[in-house]
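Here's a quick briefing to read alongside the model. Have the sequence and the 3D view open as you go.

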Amino acid sequence: MFAGSSTGVHFTSQAEQQLQMLKIHNDTFPSSVYNLYLDNIWDSPPKEEHSRLVAFMVTQFPADAAGILETTIDRWTPLYPIVHKQSTLEEFHRLCQDAENGHLGILCQILGLLALGTLGLPGTCAKDHQHFLCLSERYYAMSASLTSKLQEKPCLKTLQGLEIAQLYLQLSSRCSAASQLGGMATRMAQNLGLHRHSQRFKFDPLETELRRRLWWCQYALDTFSSAYHGMPRLIRDQDVDTDLPSRVDHDQVSRERVAFPLPGEGCQVDTALCMFKLAVIVGEALEKLYTTTRRRGGVAKMALCMFIGPPSPSQRPMRSSQSPWPRVVEPRPS
């Protein structure tokens, strides 16, 4: 029986071992094999359409886009380490040089970061107001237009774009839209197996670390959104066994290795790790505070009332005029 990422990884690992035992294929499978079950078996949209779309949106980047991206990543990493700085900037330059072959997920991610980084900037707006969304909204609108196209391409790049969009929507006071987008991001993270322990998969150090960070960022977003809206969480703790992100800076992790800081040294993600642990505590509190009719025993109480029947006249509460108790406070004269 196939049940998504959990049994998919087990099946792939067993197939790899059998091929190695039979001397058919001695090399290990690439990490992309573990996501084959997410691929679309039918014809995808024409590549030319995506190429033209990416090429047009790249022309809308501001002249100082690289600086905005770098500043935005540095600003948000201590709270939500969604992207890896060096690899993201490399992808950005590659996208600018060869836009026609660019990845839609990378484009969505870059546009989301530009939207976050330009919040509050006036741009070319000449109106006399706060300019909070004047410049950033155009980048978010382009990013949002890609969402429907990215639903069929679940990957880390797409998930990064969805999480960045949630932050932008929350900052622009569109919490309901952020909550709905969070539902899509949560399910995509689970489809990618991010909620399972990293030792179950065979990814390079950078992708392994990004998977951890993306999961816990979405975990925190889901928990705090549930607390804000008073709704049940989408993530159940009993379904999660993944480990917390490592205490490493952007320049200490790559696809080849991870260099951990010396004891006592600070790290860019220290605050984020504390926030992730806080999100777990808040989630446990929400589980206890959030009640339904079933949890309060309301169903049993209603069934008991239906069995006993309506109260007799002697059991019905008396009107205030029939109360035998004297009025302690006399009404004021009109």
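Starting from the N terminus, the elements run α-α-α-α-α-α-α-α-α-α-α-α. That comes to twelve helices and zero strands, with helices (H or I, at least four residues) and strands (E, at least two) taken as DSSP runs numbered from the N terminus. This is a predicted model, so to speak of local features takes pLDDT of at least 70 and side-chain atom pairs count only at pLDDT 80 or more, while totals for chains, interfaces and linings use all residues. Residues are numbered from 1 along each chain as its sequence is written, and side-chain values use heavy atoms, leaving out hydrogens and water.

**Overall numbers**

- Of the protein's 334 residues, 41% count as buried; buried is under 20% relative accessible area, exposed is over 50%, and partly exposed is in between (1.4 Å probe, protein chains only).
- Take the contacts (heavy atoms within 4.5 Å) between residues at least 6 apart in sequence: 71% of them join residues at least 24 apart.

**The nonpolar core**

- The largest nonpolar core has 64 residues, and Phe61, Tyr80 and Leu107 touch the most other members; such a core is a set of buried Ala, Val, Leu, Ile, Met, Phe, Trp, Tyr and Cys residues joined through side-chain atoms within 4.5 Å.
- Helix H5 (residues 104-117) is the top contributor to this core, giving ten residues.
- Leaving aside residues up to four places away in sequence, Phe61 touches Phe92, Leu95, Cys96, Leu107, Ile110, Leu111 and Leu114.

**Helix H11**

- H11 (residues 270-289) has 20 residues and spans 29 Å from first C-alpha to last, close to the 28 Å expected at 1.5 Å a residue (the expected span is 1.5 Å times one less than the number of residues).
- Its buried residues are Ala272, Leu273, Met275, Phe276, Ala279, Gly283 and Leu286.
- Viewed down the H11 axis, these buried residues fall within an arc of 160 degrees, so they line one face of the helix; the arc is that of the directions from the helix axis to the C-beta atoms.
- The buried residues of H11 pack against helix H10 (205-229).
- On the face turned away from the buried side, H11 carries the exposed residues Cys274, Ile281, Lys288 and Leu289.

- Most residues other than glycine have a negative phi.
- Ser173 has a positive phi, near 60 degrees.
- Ser173 is in the loop between helix H8 (156-171) and helix H9 (175-191), and at 65% relative accessibility it counts as exposed.
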